[in-house]
Amino acid sequence: PAFYLYAALKVICGLLVLTIDLEFKAPAEHIVKDVMKALKNLELVAILGASLALGAAWGFLEGFLFWLLQDLGASRTLMGLTVTVGGAAGLPLLALAGPITAKIGYHAVIAISFIVYAIRLLGYSLLVNPWLCLVFEAMEGVTSSLATTAAITAVASRSTTSTDSSLQGLLGGLYYGVGRGIGSLIGGLLMGAVGTRTTFQMFSGTCAVVGVVYLVLSRFVLNHPGRVDKNKGSEEATKEEGKKQEDMTKETNECKEMNVIANEPDINKDPVL
């Protein structure tokens, strides 16, 4: 029944996606060229790299947390409950993601997500009672919902109308695809070599280091707080609209001048003149 329900919900989601009107997005003329130009931005590259690392941590947890809980004697009910608790904890943070990101900046949110990942992974490695994992699962709202929202906002603020869709797709591929696969692969190799708890602790230390390095990088190298100006989008839209109006006025004036020139009499051909 769980598989049937999952399949039905997927079909419903697919039908809903087909109803979305995407006419507001003008098609890009030079996709590859524009994306390559955008990737020359160091801040954007740092955000994408952080998303790759976050995806690796998520992929490791998704692949091997249940193995750890099974070794601790957890029931299948508890394993299912972990997903429920993590999803429920993420709902309020999704609603508050905008104000939080605007207040402290998306760079700070991404760095905090790494630190929370470090706490979660270390906590899992020290578990004796499997039911205590629910405490750390409640933190998933920060490491998943809030982190991905901040990353999406960060990429959107550093992209243009012609590159936004491509860069968002690249972000999703790095997080859900490449990063997730790397986390599962490295996690499996380490668990076979050093054991489950040690692997969790190694991932925990790595996340803590990456979080600190990313925060320092964003403060002193990128020199950008990562706060989103609420009026930025409207100001850019106003400027763009003003530029369009200016171009249309200029084109109209040029057409009028051409018509005047075309209608002027030729004094060499008109005998009266």
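Reader: On what basis are the values given?

Author: The model is predicted, and local features need pLDDT of at least 70. Residues are numbered from 1 along each chain as its sequence is written.

Reader: What is the reach of helix α3 from its first C-alpha to its last?

Author: Helices are DSSP runs (H or I, at least four residues), numbered from the N terminus. The expected span is 1.5 Å times one less than the number of residues. Helix α3 (residues 42-71) has 30 residues and reaches 43 Å, close to the expected 44 Å.

Reader: Where is the kink in α3 centred?

Author: The bend at a residue is the angle between axes fitted to the seven residues ending there and the seven starting there. In α3, a kink of about 40° is centred on F64. Just after this helix, G73 has a positive phi of about 90°.

Reader: At what angle do the axes of α4 and α7 cross?

Author: Axes are lines fitted to C-alpha atoms, for helices over the stretch in contact (heavy atoms within 4.5 Å); angles run from 0 to 180 degrees between N-to-C directions. The axes of α4 (residues 76-104) and α7 (residues 140-157) cross at roughly 35° and come within 8 Å. Among the residues that meet are G86 and L93 of α4 and G141 and L146 of α7.

Terms used: Predicted model: local features only at pLDDT ≥ 70, side-chain atom pairs only at ≥ 80, totals over all residues. Heavy atoms only, no water. Helix = DSSP H or I, 4+ residues; strand = E, 2+ residues; numbered from the N terminus.
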